[in-house]
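Dear colleague,

I am handing over a structure that you have not worked with before, and below I describe what was found in it. Please keep the sequence and the view open beside this message as you read.

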Amino acid sequence: MIGKEYFSKKKQLSELDQSIREFAGRIGFDEYPASQEEALEDLNRPILTMVCGEVNAGKSTLMNGLFGGELCKASFLPETKQLQWFRYGKEDRDVETEVLVCEKYRSNEFLKQYSFIDTPGLNAGDGAHHGEMLKFLPEVDLVLWVFIVSNPWTACTWDFLAKVDSDVLDKSVIVLQQVDRSNSGELKTIMHHLRDLSEQKVGRALPMLAVSAELATKAQQREPRDQDMFFDSGVLQLEDYLADIVDASAKRRHYLAQASRGLGQCLREMDRFMDAHGARLRDNKGFLIQVEEELDILRARQRDQLEDKFADMREVFSAQQENIIDIVRKKLRLLPSMVSLFVEDRVGRQIEAVLQAEIRKAVEKDAARVGDGIREECRMHWDSVLPRVQNELGLDLPVFKASSAGFDEVKKNFVTSMGEVSEQSIIQLRLRRSLEEQMEKRRNVLQRCMSSILFLFTLAGLLGAFVEFLNPWLSLAILMGVPALLVYMNVRALRSRRRVLALLSDRLDDSPGDFVDGIREEYSRGLHDFYVEYGGMLEMVKGDLVKALDDLANNQERWNELFLEFRDVESRMY
């Protein structure tokens, strides 16, 4: 494998880079250096080989033998008229980037690591492609100068070789092709003369290897590959020599060093990032105290507004007074009053039931409004805490809506408990008992009057029926007392009606304070529950802080592991 050592080091760096990137995402480090992206791009550049030689020197056959498969079409006729740059692509396509350069994208996996340029014969055409070849030569990793064993003295190739810089010669190898058509004695002589010619033309004896690409191709086409035939082809020895050139390449070593330095820089910047984050987390005492003080201010504000809220509750109660008095007024009219003398009067129960229903509805409505107000106040405070937590501690908290589901339950319980306690408070006012006592006194007065009227009617009837010898005007005189009693009864009814209404009005006037006292404790407890719920949300800050400190310790441990791994990889880069 050409460049085995290089690819091994590249793999180590790439895997370490991936681990460091994952770690960067874990700690929220988003300042990965752009220079490292460029370094990795250089590191992942495929090894680029250029194959040069004259027409029918076997250049295309050599490429097929080296890499397996028939990427380059081999022919006895000049097949290559352009520089053909074979590169990896998901789809096979040809792109002419310049008149004399065609980029041939192929989906062969090995092209991800190796790309190569197949050139026209140096003796082909008018030599216009020579200029393009000279442009590419400084950029390639390897240059293979291919000669055919039957005619290795071709002047065009040697003349072109004489023009190239020494840097290009450092990565050049002379490949003598089709050696399977020559015997060992002839091959030894040819190689000796080629070294002499190389020293004459370029001032040094370039590395030379003899191969049979055709034999190598046949060996690789067999399943499994014929190892003996492949070894005899000489391509294996060529691969090993090319691997040494790649591993010693200053450019490739620079790519490795550049990527390695970049990873070291990333780790050092992450270390500084974690140090700064840790300092913010550890220096949190003042910030958390400030948040707790703000919550205390919110609670104190609610306590200061408590009497105003109870005043609202008094108004809720007072708003029902007129309605209650109107109901009683109707019940105290003469006809209903007469009926109540013979049928049980339930006005006390009715008044209490009406008052409970109306007061509960009004109290629950007001409790819902208060709950919404506290929730909104907490939301506004939470929205002010979020950016400060991010700036001061570097922590991300959820928005209020995502964390405030408990407020719905607290509000529901608050509204329900206020409704229930308002009903109990109405019962404890004993309005029903007070009203029933007054109504009973009034009924007693009216009953006595009614009894007297009935007595007079009965007495007059008895006298008229059984005492004929008496003066008949006596019965009539007795009946004359009935109208007087009726007038007296009506007067007493009006007076007692006014007395009952006045006493009820006074009782209702005195009741709001007692009603508020009855619901005060539950109301205060309900408000407290809202702030307990919100305090629990703020506890998330402390919880997240503790977790963040634990994460920081774990992250520091992971950073140490990555740094040791980096040092190990770095030590093997050179």
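I begin with Glu364, which is partly exposed, with a relative accessible area of 23%; here buried stands for under 20% relative accessible area, exposed for over 50%, and partly exposed for what lies in between, with a 1.4 Å probe and protein chains only. Please bear in mind that this is a predicted model, in which local features need pLDDT of at least 70 and side-chain atom pairs count only at pLDDT 80 or more, while totals for chains, interfaces and linings use all residues. Residues are numbered from 1 along each chain as its sequence is written, and side-chain values use heavy atoms, with hydrogens and water left out.

Salt bridges

The side chain of Glu364 meets that of Arg360 in a salt bridge of 2.8 Å, N to O, a salt bridge being a side-chain nitrogen of Lys or Arg within 4 Å of a carboxyl oxygen of Asp or Glu. Both residues lie in helix 16 (residues 347-393), four residues apart, or about one turn of the helix; helices (H or I, at least four residues) and strands (E, at least two) are DSSP runs, numbered from the N terminus. An α-helix has 3.6 residues a turn, so residues three or four places apart point the same way.

By this rule there are 29 salt bridges. Among them, Glu214 and Lys218 meet at 4.0 Å, N to O, and these two are four residues apart in helix 8, so about one helical turn separates them. In helix 21, Glu561 forms a salt bridge with Arg558, with the closest N and O atoms 3.2 Å apart, the two being three residues apart in that helix. Glu561 is partly exposed at 41%, and Arg558 is partly exposed at 25%. Elsewhere, Asp17, Arg21 and Glu37 are linked in a network of salt bridges.

Aromatic rings

The structure holds 13 aromatic pairs, where rings of Phe, Tyr and Trp (its six-membered ring) pair if their centres lie within 6.5 Å, and planes under 30 degrees apart count as stacked, over 60 as edge-to-face and the rest as tilted. One of these joins Trp559 and Phe563, a stacked pair with 5.0 Å centre to centre and 10° between the planes. Both residues are buried, and both lie in helix 21 (residues 481-571), four residues apart. Phe563 also pairs with Phe566, here in a tilted arrangement with 6.1 Å between the centres and 40° between the planes; Phe566 is buried, with a relative accessible area of 2%.

Ring pairs also link Phe407, Phe414, Tyr523 and Phe530 into a cluster. Phe407 and Phe414 are among the buried residues of helix 18.

Which residue is buried yet has no salt bridge? It is Asp118, whose nearest side chain of opposite charge, Lys59, is 5.3 Å away, with Lys and Arg counted as positive, Asp and Glu as negative, and His and the chain ends not counted. Asp118 is found in strand 5 (residues 114-118), and its side chain makes a polar contact of 2.8 Å with the side chain of Ser60. A polar contact is a pair of N or O atoms within 3.5 Å; within protein, one must be able to donate a hydrogen and the other to accept it, and residues adjacent in sequence count only if both atoms are side-chain atoms.

Asp180 lies in the loop between strand 7 and helix 7 and is partly exposed at 43%. Its side chain makes a polar contact with that of Ser212 at 3.1 Å, and its C-alpha atom is separated by 7.8 Å from that of Leu215, 35 residues apart along the chain.

Backbone

Most residues other than glycine have a negative phi, and most peptide bonds are trans. The peptide bond from Glu223 to Pro224 is cis, with omega near -5°, and Pro224 is found in the loop between helix 8 (213-221) and helix 9 (227-232). Asn56 has a positive phi near 65° and lies in the loop between strand 1 (47-53) and helix 3 (59-67). Gln178, with a positive phi of about 60°, is found in the loop between strand 7 (172-177) and helix 7 (184-202) and counts as buried at 17% relative accessibility.

With kind regards
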